[in-house]
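Hi everyone, thanks for coming.

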Amino acid sequence: MATLMSGSRVQPAACVVLSSSIKHHLGFNSLRRSNCSFSHFHHSSFSFRRSGARRALSVSMSVSPLEACVKASITVPNKLGDCPFCQRVLLTLEEKRLPYDLKLVDLSNKPEWFLEISSEGKVPVVKFDEQWVADSDVITQTLEEKYPNPPLATPPDKSSVGSKIFSTFIAFLKSKDPNDGTEQALLSELSSFDSHIKENGPFINGKEISAADLSLGPKLYHLEIALGHYKNWSVPDSLPYVKSYMKSIFSRESFAKTRALPEDVIAGWRPKVLG
């Protein structure tokens, strides 16, 4: 039986209650917390000061959450699975403060309804305007176009920063030969990333988090857990900006809310390591 949580409505971590003065300014006489949804309102946004920080928020008249199908945990019922591409999508929803209904899919026993909406049986899949859309690249771009506030797009000249880390991590993780150069290849990519963050950080595009961070963060999370477990390896202290970057990403509320359990990450990589 596939594990499915079809009615799990998730409110974004950044959801707040508007003060009466703000509601009056916007013309909203009443807005209950249960209907608090900061998403798309005719592409218009407002901003206000809270705890000394200026936040740009978009208000939605529609409280209908987006439906998102993601991998289910294989170790604990009704928990998120270990797919970094699913987490990328959920991070984008969280950072854009969009409510969503989570559907957890057991990929080892895919239900018929899921195969009908995802012909290749892959996750993530998100429903936009009655159309199911697959592929995390397409999904996150669609979210950026439909819900542009807060903006998360990474400038083209920085969008590929750190993009080779994941493939070199996998090669090193799978390697059985300590002298095959895979560790050095990973260290080379991490070193380049360390230099970029030193010059441009704390995030890939500077002060604010962007789509590139939401893509790379889950992959670095897998790197940390899988290499720590299977190779007793960790990012060396000689790369302090990589380590501080990982700490910054992993400590975000959106990340804590959407990350996989470490045991799922370990179990997920086991076939590649032992296979």
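Phe172 is buried, at 8% relative accessibility; buried means under 20% relative accessible area, exposed over 50%, and partly exposed in between, with a 1.4 Å probe and protein chains only. This is a predicted model, where local features need pLDDT of at least 70, side-chain atom pairs count only at pLDDT 80 or more, and totals for chains, interfaces and linings use all residues. Residues are numbered from 1 along each chain as its sequence is written, and side-chain values use heavy atoms, leaving out hydrogens and water.

What lies over the face of Phe172? That is Lys231, at 4.9 Å from the ring centre; a charge sits over a ring if NZ of Lys or CZ of Arg is within 6 Å of the ring centre and within 35 degrees of the ring normal.

Now for ring pairs. Rings of Phe, Tyr and Trp (its six-membered ring) pair if their centres lie within 6.5 Å; planes under 30 degrees apart count as stacked, over 60 as edge-to-face, and the rest as tilted. That rule gives 10 aromatic pairs. One of them joins Phe85 and Phe166, edge-to-face, with 6.3 Å centre to centre and 85° between the planes. Phe85 sits in helix 2 (residues 84–95) and Phe166 in helix 5 (residues 165–174), so this pair ties together parts 81 residues apart in sequence. Helices here are DSSP runs (H or I, at least four residues), strands likewise (E, at least two), numbered from the N terminus.

Phe85 is partly exposed at 34%, while Phe166 is buried at 13%. Finally, Phe85, Phe166, Phe169 and Trp269 form one aromatic cluster.
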